[in-house]
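Below is a brief report on one chain. It covers a pocket, a nonpolar core and the helices around them.

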Amino acid sequence: MSEAPLPSAADLVDAVDRLADRFRSMPQSRLLAAVPGHPSRARAGLALARSLASAALELEGEPPREVPDAGPFAVGDQLSVAGHDLVLAAQGRPEAVAAALAAVRETERLTA
């Protein structure tokens, strides 16, 4: 029995774009509503953006920097930027793409 193929960078871009668009279209009441493990959907999205950005910086050999909390309405854009940065940094590293995609999918499930 063969292992399932690792996801591609395109899979990660699609998932990040879909989740970022969902955050951009959420009304304030949904953005600010709590979800398990986070005080709000926006904070869950920010945690993911921070994780993706941190992974990208690590792959690039850069020192860690934290994505700032720019408010709930910025989370979609922050996710998009962090996710696309990670895709670029993870070229040739399918395991990093797979880990990021799993995190995106978990946040998507958590904030549905």
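How much space lies in the largest pocket? About 190 Å³. The model behind this value is predicted.

**The pocket**

The lining of the largest pocket consists of Ala53, Ala56, Leu57, Glu60, Arg65, Val67, Gln78, Val81, Ala82 and Asp85. Two helices, H3 and H4, each supply at least two of the lining residues. H4 gives the most, with four residues.

H1 spans residues 9–25.

| Helix | Residues | Reach, first to last C-alpha | Expected at 1.5 Å a residue |
|---|---|---|---|
| H1 | 17 residues | 24 Å | 24 Å |
| H4 | 15 residues | 21 Å | 21 Å |

In H1 the reach is close to the expected value. The reach of H4 is also close to what is expected.

**Helix H1**

Which residues of H1 are buried? They are Leu12, Ala15, Val16, Leu19, Ala20 and Phe23. Seen down the axis of H1, these buried residues fall within an arc of 125°, so they line one face of the helix. They pack against four helices: H2 (28–31), H3 (41–59), H4 (75–89) and H5 (94–110).

**Helix H4**

The buried residues of H4 are Val75, Gly76, Gln78, Leu79, Ser80, Ala82, Gly83, Leu86, Val87 and Ala89. Their cover includes H1, H3 and H5.

**The nonpolar core**

The largest nonpolar core holds 28 residues. Leu12, Phe23, Leu52, Leu79, Leu86 and Val104 touch the most other members. H1, H3, H4 and H5 are the elements that give two or more residues to this core. H3 gives the most, with seven residues.

What does Leu52 touch, leaving out residues up to four places away in sequence? Its partners are Ala82, Gly83, Leu86, Ala100 and Val104. Leu86 and Val104 are, with Leu52, among the core residues that touch the most other members.

**A threonine in H5**

Thr107 is found in helix H5. Is Thr107 buried or exposed? Its relative accessible area is 9%, so Thr107 is buried, the cut-off being under 20%. Beyond its neighbours within four places in sequence, Thr107 is in contact with Leu19, Ala44 and Leu48. Leu19 is one of the buried residues of H1.

Terms used: Residues numbered from 1 in each chain as written. Predicted model: local features only at pLDDT ≥ 70, side-chain atom pairs only at ≥ 80, totals over all residues. Heavy atoms only, no water. Expected span 1.5 Å × (residues − 1). Buried < 20%, exposed > 50% of the residue type's maximum accessible area, 1.4 Å probe, protein only. Arc of directions from axis to C-beta. Contact = heavy atoms within 4.5 Å. Core = buried A, V, L, I, M, F, W, Y, C linked by side-chain atoms within 4.5 Å. 1 Å grid on protein atoms, 1.4 Å probe; cavity = no way out; pocket = protein on both sides within 12 Å on 5 of 7 lines; lining within 4 Å. Points joined across faces, edges and corners; volume = space filled by probe spheres on them.
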